[in-house]
Amino acid sequence: MIFVDLGVLVSIGLILSIIEASFPPIVPLPGARLGLANIATVIALLLYGPKFAIEVTILRTLIGGLLKGSVIGLFLGFSAGIVSTVVMIIVYKVLISLISTVGMSVIGAATHNITQLCAAFLFIGHSGIFLYAPYLLLVSIPTGLFVGFASARVSSALQTYMKETAA
Amino acid sequence: MRKRKDPSSVKVKPGDVVIVFFVAVSAVLLLSYFHRVPSRDTGSTAIVEVNGKVIHRIELGKGLKRKDLKVTGQIGASVVRVEGKKIRMLSSPCRDKICVGMGWAEKSGSSIICMPNRVIIRLERSPKGRRIEAITE
């Protein structure tokens, strides 16, 4: 069943990123996104563990990048996704008593944006791009909060469902 | 009764507030660090780059007549408008037009970037004493 679940979560992540791409940019900042696809990653982390979360992230960013057809987008998404997932895993393990999913997700969103900015810097090569950093950080707070709440709610509902169908 | 172990609780813990606070504070600190330089009243120098190569170097200044410059980037032609001390991205072939939405820039240190088209407008402080209002290519 784990194999099927992996496929489902990756698909959810891909669908979320497609839906998110169809939203107009709410702030005039390059790279400021809702990061909805991270919901799939966080659910994977909460319900299946770190290894699964990384698998989901790798698959959804690579496939998603291929679907979008942009090499830069793939690189940015993959690097930002991996780094933010690893950071979230570390935060989850270390600080689980002090932090709930929501805080972990804010950290994930912040590191996602920063990593994406650094990866974009590798392409643009012009350090002026880092001027966007503070605004991206500020935007990552509400998006991280949203993703965190959404993932927590969905995974607690899923957990009930999984328990009841496990018999 | 089944004891429910729920790792996905939505209860907000004190650490969350700390995190949000910390992220917000870092953002504000970065902001104050970047904009520490007070811009002088003499205009800035605007540099238009495509793919890292300097295409235009424009001394912005009060009397500068409105001028539109066509800049060819990675995916098409962007138009940069210079007017007095201000500069902006008038149009761009990118999908989201975030660069256009940024509006006018006139303070040194600010920049307008179109990532898809690889066009960057950045404003630097003018070197002292130079009052030549010329557009060079």
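Mentor: Before we start, residues count from 1 along each chain as its sequence is written, and chains are lettered from A in the order in which they are written. Because the model is predicted, local features need pLDDT of at least 70 and side-chain atom pairs pLDDT 80 or more, while totals for chains, interfaces and linings use all residues; side-chain values use heavy atoms, without hydrogens and water.

Trainee: Why is Gln159(A) called buried?

Mentor: Buried means under 20% relative accessible area, with exposed over 50% and partly exposed in between, using a 1.4 Å probe and protein chains only. Gln159(A) has a relative accessible area of 15%, so the residue is buried.

Trainee: Where does Gln159(A) sit?

Mentor: Gln159(A) lies in helix 6 of chain A. Helices are DSSP runs of H or I with at least four residues, strands are runs of E with at least two, and both are numbered from the N terminus. Gln159(A) and Leu47(A) are 112 residues apart in sequence, with their C-alpha atoms 7.4 Å apart.

Trainee: How do you know which residues of chain A and chain B are in contact?

Mentor: Contact means heavy atoms within 4.5 Å. By that rule, 43 residues of chain A are in contact with 37 residues of chain B. On the side of chain A, the elements giving two or more residues are helix 4 (71–95), helix 5 (101–124) and helix 6 (133–165). Helix 6 of chain A supplies the largest share, 16 residues.

Trainee: What makes up the area buried between chain A and chain B?

Mentor: Buried area is the accessible area (1.4 Å probe) that two parts lose on being put together, summed over both. For chain A and chain B this comes to about 3300 Å², 71% of it on carbon and sulfur atoms. In chain A, Ile124(A), His126(A) and Leu131(A) lose the most area to chain B, together 16% of what that side buries.

Trainee: How many salt bridges join chain A and chain B?

Mentor: A salt bridge needs a side-chain nitrogen of Lys or Arg within 4 Å of a carboxyl oxygen of Asp or Glu. Between chain A and chain B the count is zero.

Trainee: And what is the makeup of chain B?

Mentor: Chain B has two helices and eight strands, in the order α-β-β-β-β-β-α-β-β-β from the N terminus. Of its 137 residues, 39% count as buried.
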